[in-house]
Structures are given as C-alpha cells and as structure tokens.
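Colleague: I would like to go through this model with you, beginning with a term that we will need. Could you take the questions one at a time?

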Amino acid sequence: MYDLLTKHYVEDADGKFRFDYSIPFLKWALTPPDYHQEWVIGVRGKGKLSGFISGIPVSMVVNGQRVQMCEVNFLCVHKKLREMRLAPMLIKELTRRVNLRDQWQAIYTSGTTLPTPFATAQYWHRNLNPQKLVDIRFAFKPADTPMAKFVKRHKLAAETGTQNLRPMIEADIPKVAFALNKHLSENYKVHIHFTEEEVRHFLLPQEGVVSSYLVMNAESGEVSDFISYYTLNSSVLQDPNHDKIYAAYAYYNFVEGNDHDRMHSLMRDALILAKQANFDVFNMTEVL
C-alpha cells in the first residue's frame with residue numbers, strides 16, 4: 001500500500017512533488033478505535049496493489065445532529081490503469097460495504113471539484129527552510145530580493161513564547177477531549193465529535209506522525225491553549241540534490257475564548273516547534 005501511494009498518489013499540477021505518507025502515518029490514519037477492516041480495500045494483481053480506497057468511522061455533528069459517517073481517503077489507482085473506470089468501481093464497493101453497516105453518509109475531500117461540495121479550503125504554506133524550498137522550486141523568491149534577505153525575512157525566534165506550553169501526555173487525554181469537543185461544537189456547523197479513545201489515537205504525540213502541545217489554565221485546571229500538527233512529507237521528483245520535503249501540517253488548534261492575539265502567538269510557536277524539529281515547511285488548509 002505504501003508503495004502504491006508513494007508512486008501513484010496525489011501530485012502537484014507540474015509533476016514536481018508527490019505526497020509521501022510514511023507507513024506509521026498510514027497505520028495511524030487507517031486504524032482508529034473501532035475501525036472496520038473491510039473498509040480498507042485494495043485491488044491486487046500479480047501480488048501487487050493496483051488500486052486502493054479506505055474509509056474510517058467518524059461521529060460527525062451536522063447542524064447539531066449526530067450522524068455516523070464514513071470518512072473516505074487514499075483513493076488511488078496505478079498510473080497505467082487510469083481511465084479504466086477503476087476509481088468509480090472502488091467508490092461503489094466502499095459505498096456498498098458502508099451501507100451494510102446501515103450507514104448512509106460519507107465525507108471526503110478532493111483536489112478537483114466534484115458535485116456538490118459544501119466547503120472549500122485554501123492551502124497556505126509558511127517557509128521554514130527558504131533556501132531549500134526555493135532551490136527545489138516549491139517556493140519562489142522575488143527576483144529583486146537577495147537570498148540572504150529572503151532567508152532573514154522568514155527567520156523565527158529560537159524559543160517559543162507561550163508560557164507553560166508543553167507536549168501533551170497520556171494524563172491529558174480527558175481534558176483535551178472535553179476542550180476540543182467544546183471548541184468544535186461552539187464554532188462549527190460541521191465537525192467530528194471525538195471520544196477519549198479517538199483523542200488518544202489521533203492527538204497523543206507519536207514521533208514522525210503527530211505532535212501536540214498544550215497549556216493548562218492554572219485556575220480552572222482545564223486546557224486553555226492547544227496546538228498540533230502532523231507529519232506529511234512529499235517526494236521531490238525532479239531535483240538532483242533533494243529527494244524529500246519535510247512538511248508539518250496544522251491539525252487541531254484552539255485557545256480559550258477564541259482570543260485572536262493568543263492564537264496568533266500560539267501559531268507562531270507551532271512554526272518555531274516545527275522548525276526545531278527540522279521541517280522545511282509548515283502547511284495548513286483554511287478549515288477549522
């Protein structure tokens with residue numbers, strides 16, 4: 001599965017970069033609590049995967065109503081088999097298996113517009129290693145800006161600025177689950193509702209997969225600030241000097257009371273932490 005996705009999954013329009021999901025990441029993404037083995041589907045020929053699709057169960061809240069859904073991901077067909085209608089067949093088969101569990105809704109994202117989206121998300125990128133990103137043509141430097149000035153413009157502080165910010169630990173799980181669900185329910189019409197087991201699985205730090213940091217309110221004992229990001233690298237396809245972009249992606253982030261200034265400072269700290277961990281770029285989609 002890793003081999004299929006690494007060679008045939010999502011590329012940019014120019015064919016310069018392709019997602020490179022690690023094996024630990026794929027296990028993390030596809031085996032949450034109570035996942036269904038039959039929702040992880042491959043098409044195999046001569047011992048190799050030529051097509052793949054997956055779904056995981058999610059408890060969605062839509063306009064205040066709880067709905068059990070399938071979150072669809074990693075739809076991929078081998079490049080030599082494109083245009084053979086294998087993707088619709090995979091979608092149809094996953095739909096059949098989801099329906100067998102008496103579930104009738106799914107949620108998914110697409111890089112192209114399919115009928116009919118209820119939301120769109122803009123990608124944003126923050127350079128952490130400007131020299132490398134310009135060299136591989138992931139980022140572009142204004143022609144009239146010297147490289148030294150460009151690098152200086154993207155320089156970050158050496159240490160984080162938020163007081164009492166620390167990595168999340170096992171004992172934090174109940175309070176993170178409470179604070180996260182409270183934040184989501186108060187701010188969004190469509191969101192996942194997380195159990196404590198799902199918070200343990202998806203947000204407890206796992207090296208090379210996901211990182212989470214928080215601040216506890218000294219008076220209330222509740223989580224007041226929370227930042228997290230996951231690791232999703234990309235292969236560099238057309239460069240003699242570099243073969244990989246090390247990328248951190250913003251995950252779930254919130255502050256008590258939606259304080260704009262605190263959120264601004266906290267996201268700056270996320271950039272600093274990612275830089276300290278030797279990531280080249282910090283990405284986010286403008287959603288949640």
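Predicted model: local features only at pLDDT ≥ 70, side-chain atom pairs only at ≥ 80, totals over all residues.

Colleague: Which class does Arg262 fall into, then?

Modeller: Arg262 has a relative accessibility of 31%, so it counts as partly exposed.

Colleague: With which residue does the side chain of Arg262 form a salt bridge?

Modeller: Its partner is Asp225, and the N to O distance is 3.0 Å. The pair links distant parts of the chain, since Asp225 belongs to strand S10 and Arg262 to helix H8, 37 residues apart.

Colleague: Is Asp225 buried or exposed?

Modeller: Asp225 is at 5% relative accessibility and therefore counts as buried.

Colleague: Why do such side chains pair at all?

Modeller: Side chains of opposite charge can pair when their charged atoms come close.

Colleague: How many salt bridges are there?

Modeller: The count comes to 12 salt bridges. Among them is the one between Arg101 and Glu38, at 2.7 Å from N to O. Arg101 lies in the loop between helix H3 (86-99) and strand S5 (106-107), and Glu38 in the loop between H2 and strand S2 (40-45), so this pair ties together parts that are 63 residues apart in sequence.

Colleague: How accessible are Arg101 and Glu38?

Modeller: Arg101 is partly exposed, at 40% relative accessibility. Glu38 is partly exposed as well, with a relative accessible area of 30%.

Colleague: What about Lys132 and Asp280?

Modeller: The side chains of Lys132 and Asp280 also meet in a salt bridge, with 2.7 Å from N to O. Lys132 is in helix H4 (residues 130-135) and Asp280 in the loop between helix H8 (260-276) and strand S15 (281-285), 148 residues apart. Both Lys132 and Asp280 are buried.

Colleague: Which residues are linked in a network of salt bridges?

Modeller: Glu11, Arg18 and Lys79 are linked in that way.

Colleague: Let us change topic. Which residues of helix H2 are buried?

Modeller: In H2, which spans residues 23-30, they are Phe25, Leu26, Trp28, Ala29 and Leu30. These residues pack against several elements, including helix H1 (2-8), strand S3 (48-62), strand S4 (65-77) and helix H7 (196-203).

Colleague: What is found at the start of H2?

Modeller: There, a side-chain oxygen of Ser22 comes to within 3.1 Å of the backbone nitrogen of Phe25.

Colleague: You mentioned H7. How do the axes of H6 and H7 cross?

Modeller: They cross at roughly 100 degrees and come within 9 Å. That angle makes H6 roughly perpendicular to H7.

Colleague: Which residues make the contact?

Modeller: H6 contributes Ile173, Pro174, Val176, Ala177 and Leu180, while H7 contributes Glu196, Val199, Arg200 and Leu203. By class, the contact has 7 nonpolar, no polar and 2 charged residues.

Colleague: What does Tyr249 touch?

Modeller: Leaving aside residues up to four places away in sequence, Tyr249 touches Phe19, Tyr123, Ser228, Tyr229, Tyr230, Leu232 and Asn283. With the side chain of Asn283, the side chain of Tyr249 makes a polar contact of 3.3 Å.

Technical notes
Residues numbered from 1 in each chain as written. Heavy atoms only, no water. Buried < 20%, exposed > 50% of the residue type's maximum accessible area, 1.4 Å probe, protein only. Helix = DSSP H or I, 4+ residues; strand = E, 2+ residues; numbered from the N terminus. Contact = heavy atoms within 4.5 Å. Polar contact = N/O pair within 3.5 Å; in protein donor to acceptor, adjacent residues only side chain to side chain. Salt bridge = Lys/Arg side-chain N within 4 Å of Asp/Glu carboxyl O. Axes fitted to C-alpha atoms, helices over the stretch in contact; angles between N-to-C directions. Parallel < 35°, antiparallel > 145°, perpendicular 65-115°, else oblique. Nonpolar A, V, L, I, M, F, W, Y, C, P; charged D, E, K, R; others polar.
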